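This report describes a protein model for a reader who is new to it.

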Amino acid sequence: MFDLISQYDDQLVDAFWMTIKLTVYSAVLALILGTVIAAMRVSPVPIARWFGTAYVTVFRNTPLTLIIVFCQIGLYTSLGLRLAGSGPKSLMENNFRFAVLGLSVYTAAFVCESLRSGINTVPLGQSEAGRSLGFTFTQNLRLVVLPQAFRAVIAPLGSVLIALTKNSTIASAITVAEASFLMAKMIETEAAVIEIGAIFAIGFIILTLPMGLLFGWLAKRYEVAR
């Protein structure tokens with residue numbers, strides 16, 4: 001195992017760094033989009049609620065591989081949509097950005113549902129108090145409801161982030177050179193399949209275990225007292 005690590009050390013670092021970048025960029029976009037969709041799901045406007053429900057239903061029940069492949073083949077190859085400029089690395093940059101797009105829109109559905117469950121834990125009297133102060137729906141949501149909802153769902157959001165980290169391996173379907181893409185290349189050229197699998201399993205444990213511990217601590221630290 002250690003011989004393999006020393007032989008592929010630079011490639012392993014680059015591959016896991018790519019996994020980290022996929023996770024961070026996708027997590028930020030998914031959190032923003034998921035928050036917007038959650039707001040739409042509890043909106044008093046019927047068409048907004050319908051759109052939010054339709055979004056969650058479609059993306060939560062569509063395989064992630066299909067979403068990412070569609071982003072690359074459907075949007076880039078068929079429709080000619082580009083997310084990066086021209087140049088020798090444009091294809092690689094486009095694939096990376098389409099992978100981030102696919103991971104984000106997929107994960108946003110789960111962020112939305114986690115946040116919606118948090119919104120449902122906020123006592124109705126809190127919202128009524130906000131309305132009595134003259135807050136609009138958006139102000140009430142931003143100043144009163146969402147801060148409490150986020151505190152209530154820190155642990156579930158941590159689980160979504162951990163799942164996103166592992167789901168980033170799907171990006172290899174459009175040749176993004178993250179960890180699982182390198183693992184497949186190593187298996188093709190090396191006979192030590194078990195050792196290769198162990199290396200990448202340990203790598204993902206190193207990435208995800210601190211996340212679980214951090215979000216577990218944050219959930220206890222900032223949990224809403226009832």
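## Confidence

In this predicted model, confidence is lowest in helix α1 (residues 2-7), with a mean of 66, and highest in α3, at 93. The score is pLDDT, the predictor's confidence in each residue on a scale from 0 to 100. The protein averages 84, and 91% of the residues score at least 70. Helices here are DSSP runs (H or I, at least four residues), numbered from the N terminus.

Residues are numbered from 1 along each chain as its sequence is written, and side-chain values use heavy atoms, without hydrogens or water. Local features need pLDDT of at least 70 and side-chain atom pairs count only at pLDDT 80 or more, while totals for chains, interfaces and linings use all residues.

## Packing of α3 and α5

Helix α3 (residues 46-60) packs against helix α5 (residues 90-121) at about 125 degrees, and their axes are 9 Å apart. That makes α3 oblique to α5.

## Aromatic pairs

Rings of Phe, Tyr and Trp (its six-membered ring) pair if their centres lie within 6.5 Å; planes under 30 degrees apart are stacked, over 60 edge-to-face, and the rest tilted. The count is five aromatic pairs. One of them, Phe16 with Phe204, is edge-to-face, at 5.6 Å centre to centre and 65 degrees between the planes. This pair links distant parts of the chain, 188 residues apart: Phe16 lies in helix α2 (residues 9-41) and Phe204 in helix α10 (residues 193-222).

Note on methods:
Axes are lines fitted to C-alpha atoms, for helices over the stretch in contact, and angles run from 0 to 180 degrees between N-to-C directions. Helices (H or I, at least four residues) and strands (E, at least two) are DSSP runs, numbered from the N terminus. Angles under 35 degrees count as roughly parallel, over 145 as roughly antiparallel, 65 to 115 as roughly perpendicular and the rest as oblique.
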